[in-house]
Amino acid sequence: WAKPVPYNPNHFDNKKKGTIVTALAGVCANFFIAIIFGLAMRFVPAFGLGMPAHMVVSTIVVVNIVLGLFNLIPIVPLDGSKVLFELIPLRAQKFRYFWEKNSLIILVVFIFFFWAGIAIPTISFIYRLLTGTFL
């Protein structure tokens with residue numbers, strides 16, 4: 001199950017850059033998997049995929065696009081929040097405390113009211129870009 005990866009920012013030479021790179025590693029892995037399988041769907045149609053195998057590969061692409069985009073949302077505990085907090089200046093700490101304190105409410109509101117309108121067109125666009133087919 002999805003669990004946050006423990007890391008110690010004190011082990012980085014550059015804490016800001018190290019935290020950002022660590023936060024983006026999972027997102028990049030998701031997009032890399034989506035790219036590999038999406039390009040395979042697009043450029044290697046002759047490797048004998050039947051309909052069930054095509055659906056499995058298509059599902060792998062969609063799931064990894066969704067996970068990558070979802071983790072980029074700058075709401076705690078998602079990876080986008082770690083990137084956001086490293087990029088905002090120290091004088092914006094009140095915003096950070098408010099954002100962390102109310103993160104569950106903000107995340108639920110975002111999912112219910114904004115995720116479908118933002119994510120579905122974005123996911124469809126990326127899927128079409130990678131695979132050459134419509135979702």
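Helices (H or I, at least four residues) and strands (E, at least two) are taken as DSSP runs, numbered from the N terminus. The model is predicted: local features need pLDDT of at least 70, side-chain atom pairs count only at pLDDT 80 or more, and totals for chains, interfaces and linings use all residues. Residues are numbered from 1 along each chain as its sequence is written, and side-chain values use heavy atoms, with hydrogens and water left out.

The protein has five helices and zero strands. Along the sequence the pattern reads α-α-α-α-α. Its C-alpha atoms fill a box of roughly 55 × 35 × 25 Å along the principal axes. Accessible areas come from the Shrake-Rupley method with a 1.4 Å probe; for residues, only the protein chains shown count as cover. The accessible surface is about 9200 Å², and 73% of this belongs to carbon and sulfur atoms. Buried residues have under 20% relative accessible area, exposed ones over 50%, and partly exposed ones lie in between (1.4 Å probe, protein chains only). Of the 135 residues, 30% count as buried. A contact means heavy atoms within 4.5 Å. Among contacts between residues at least 6 apart in sequence, 62% join residues at least 24 apart.

Asn30 is found in helix α1. It counts as buried because its relative accessibility is 12%. Leaving aside neighbours within four places in sequence, Asn30 is in contact with Asn64, Leu67, Gly68 and Asn71.

The interior was examined next. A nonpolar core is a set of buried Ala, Val, Leu, Ile, Met, Phe, Trp, Tyr and Cys residues joined through side-chain atoms within 4.5 Å. The largest such core holds 22 residues, of which Ile65 and Ile75 touch the most other members. Helices α1, α2 and α5 each supply at least two residues of this core. The largest share, nine residues, comes from α5. Beyond its neighbours within four places in sequence, Ile75 is in contact with Ser81, Trp99, Ser103, Ile106, Leu107 and Phe110.

The peptide bond from Val76 to Pro77 is cis, with omega near 15°. Pro77 lies in the loop between α2 and α3. In helix α3 (residues 79-87), the buried residues are Asp79, Gly80, Ser81, Val83, Phe85 and Glu86. They pack against α1 (15-43), α2 (51-71) and α4 (93-101).

Aromatic rings were also paired. Rings of Phe, Tyr and Trp (its six-membered ring) pair if their centres lie within 6.5 Å; planes under 30 degrees apart count as stacked, over 60 as edge-to-face and the rest as tilted. The structure holds five aromatic pairs. The rings of Phe70 and Trp115 are edge-to-face, because their centres are 5.4 Å apart and their planes stand at 90°. This pair links distant parts of the chain: Phe70 is in helix α2 and Trp115 in helix α5, 45 residues apart. Phe70 is partly exposed at 23% relative accessibility, whereas Trp115 is buried at 18%. Ring pairs join Phe70, Phe110, Phe114 and Trp115 into a cluster.

Patches consist of residues with over 30% relative accessible area and no salt bridge; like charges are joined within 9 Å, nonpolar side chains (Val, Leu, Ile, Met, Phe, Trp, Tyr) within 5 Å. A salt bridge is a side-chain nitrogen of Lys or Arg within 4 Å of a carboxyl oxygen of Asp or Glu. Leu104, Ile105, Val108, Val109, Phe112, Phe113, Phe114 and Ile118 make a nonpolar surface patch of about 870 Å². Val109 is placed in helix α5 (residues 103-131). With a relative accessible area of 36%, Val109 is partly exposed.
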